[in-house]
Amino acid sequence: MTDITELGVAAIRDGVAGGTFSAIEVAEAFNANVAAAQDALNAFIVATPEKALAAAKTTDARRAAGEPLGPMAGVPIGMKDLFATAGVQTTAASHILEGFVPQYESTVSQKLWDAGAGMLGKLNLDQFAMGSSNETSHFGNVISPWKRPGSNAQLAPGGSSGGSSAAIAARLAPAATGTDTGGSIRQPAAFTGISGIKPTYGRCSRWGVVAFASSLDQAGAMARDVTDCAIMLEAMAGFDPKDSTSLDLPVPAWTAGLSANMKGKTVGIPKEYRVDGMPPEIDAIWEQGIAWLKDAGANVVEVSLPHTRYALPTYYIIAPAEASSNLARYDGVRYGLRDLPDGANLQDMYAATRAAGFGAEVKRRIMIGTYVLSAGFYDAYYTQAQKVRTLISQDFAKAFEQVDVLLTPTAPSAAFALGENVDDPLAMYLNDVFTVPASLAGLPAMSVPAGLDAQGLPLGLQIIGRPLDEQGVLNAGLAIERRAGFTAKPEKWW
Ligand code: GLN
């Protein structure tokens with residue numbers, strides 16, 4: 001029999017429904033892979049094999065009783081540790097939330113359980129989802145299952161959803177949730193040779209998701225292929241009265257609507273994404289992507305997004321500003337850690353708890369955010385950034401008068417080594433250069449694996465769509481996937 005852990009969401013679900021294997025067998029196989037890789041990859045903060053088994057038992061019983069099965073029935077998944085899970089520690093990879101066990105379940109995770117999925121565990125991430133390499137986690141960085149041939153250097157799995165990307169690439173989970181504020185689904189997907197989609201802002205409820213930057217945060221799906229992403233996103237999305245920014249719209253049947261035929265579609269190539277110093281291999285894979293979409297029937301045109309170069313500075317004002325406000329709630333009173341020095345007053349406790357509880361990158365963001373929101377600088381930075389954000393959105397709106405989707409590289413390089421950028425925050429922030437604009441504009445965007453670089457590491461292509469056109473994004477992704485035929489996987493060393 002084929003190794004179950006080589007299968008994706010659709011194949012597992014169909015295999016369970018058709019009786020090829022039981023959901024319990026699936027859960028056991030993935031639980032075993034999770035346990036075997038934990039020391040080497042550190043992808044999970046907490047493993048919950050019993051949850052995966054319990055969900056599997058329910059699925060097997062339903063099947064035996066002839067009851068209908070959900071669209072994710074029998075599929076065990078990883079849950080990024082940014083989603084509140086009732087009765088299971090939820091930390092956002094921070095010390096300040098260590099030991100916090102929510103009484104409630106996030107809307108997105110609840111929807112996945114209702115669809116029949118089970119939980120393999122809570123996945124590691126950059127602390128409060130701030131980072132591009134997973135090195136800001138309080139629980140140690142995730143190590144990518146990929147290596148450069150002939151080198152033992154440990155590589156970054158991307159971030160912030162690096163536990164999710166590493167787990168999927170290493171076959172510890174067929175799929176996982178991610179969240180994306182400025183690229184945290186797409187960049188780790190690109191670094192590890194998997195697919196990941198961030199839907200339109202408001203498609204997935206943010207209720208029960210630890211907040212980083214509320215006007216940017218979106219949950220999304222990560223899996224090995226486009227179809228699996230579509231199935232999972234369909235289960236996650238939908239209106240939630242508990243989130244005031246949730247969109248009150250029906251969830252389209254994205255999976256049923258999948259088509260790799262791009263005839264009649266126009267693809268835009270934003271010329272401002274040809275940034276200086278881009279490695280020739282990134283350029284080459286982009287050209288290859290253009291050729292694939294033409295082959296699929298698309299018309300390809302160059303477009304201009306003139307404010308692109310302001311996107312990173314705008315993001316690194318708005319996201320820290322919102323973070324500094326959101327993270328004010330961690331004060332030693334309400335959640336997790338409390339540091340109460342002898343004879344301390346309330347102010348001392350706040351200061352001691354926050355000093356001990358937040359990592360360096362989180363403190364950096366809180367300081368930047370507080371600065372740009374301070375009375376003397378608010379207009380110069382925050383108000384100005386909001387104006388530029390509008391200009392960036394207008395650039396996209398104008399381009400979408402002419403084209404259906406945009407094609408760009410996902411990240412400016414393949415995975416870098418751990419430690420390479422850790423002391424250089426600006427170099428780290430540059431990773432987000434291609435992903436941040438779509439986040440600022442709230443647009444759906446996805447990364448699909450397109451090929452390998454000369455060192456044998458995965459490279460991804462990004463598709464950005466019109467607001468609410470996840471279908472267009474998924475379909476262009478599928479057209480690339482069919483032509484790329486990406487089957488590479490990391491050689492097992494763990
Ligand atoms: N790398 C970006 C940051 O550090 C994006 C993170 C994210 O999308 N959560 O802010």
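Select F128, which lies in the loop between β3 and α5; helices (H or I, at least four residues) and strands (E, at least two) are DSSP runs, numbered from the N terminus. Phi of F128 is near 55 degrees, a positive value in a residue other than glycine. The model is predicted, so local features need pLDDT of at least 70 and side-chain atom pairs count only at pLDDT 80 or more, while totals for chains, interfaces and linings use all residues. Residues are numbered from 1 along each chain as its sequence is written, and side-chain values use heavy atoms, with hydrogens and water left out.

Next, select S160, found in the loop between β3 (118-123) and α5 (162-169). The peptide bond that joins G159 to S160 is cis, with omega near 10 degrees.

Then go to the ligand. Among the 15 residues around the ligand (a heavy atom within 4 Å), T181, G182, S184, Y315 and R365 come nearest. Show the polar contacts (pairs of N or O atoms within 3.5 Å; within protein, one must be able to donate a hydrogen and the other to accept it, and residues adjacent in sequence count only if both atoms are side-chain atoms):

- Y315: a polar side-chain atom lies 2.7 Å from an oxygen atom of the ligand.
- Y316: a polar side-chain atom lies 3.3 Å from an oxygen atom of the ligand.
- D432: a polar side-chain atom lies 3.0 Å from a nitrogen atom of the ligand.

Of the 290 Å² of accessible area that the ligand has on its own, the protein covers 100% (Shrake-Rupley method, 1.4 Å probe; for residues, only the protein chains shown count as cover).
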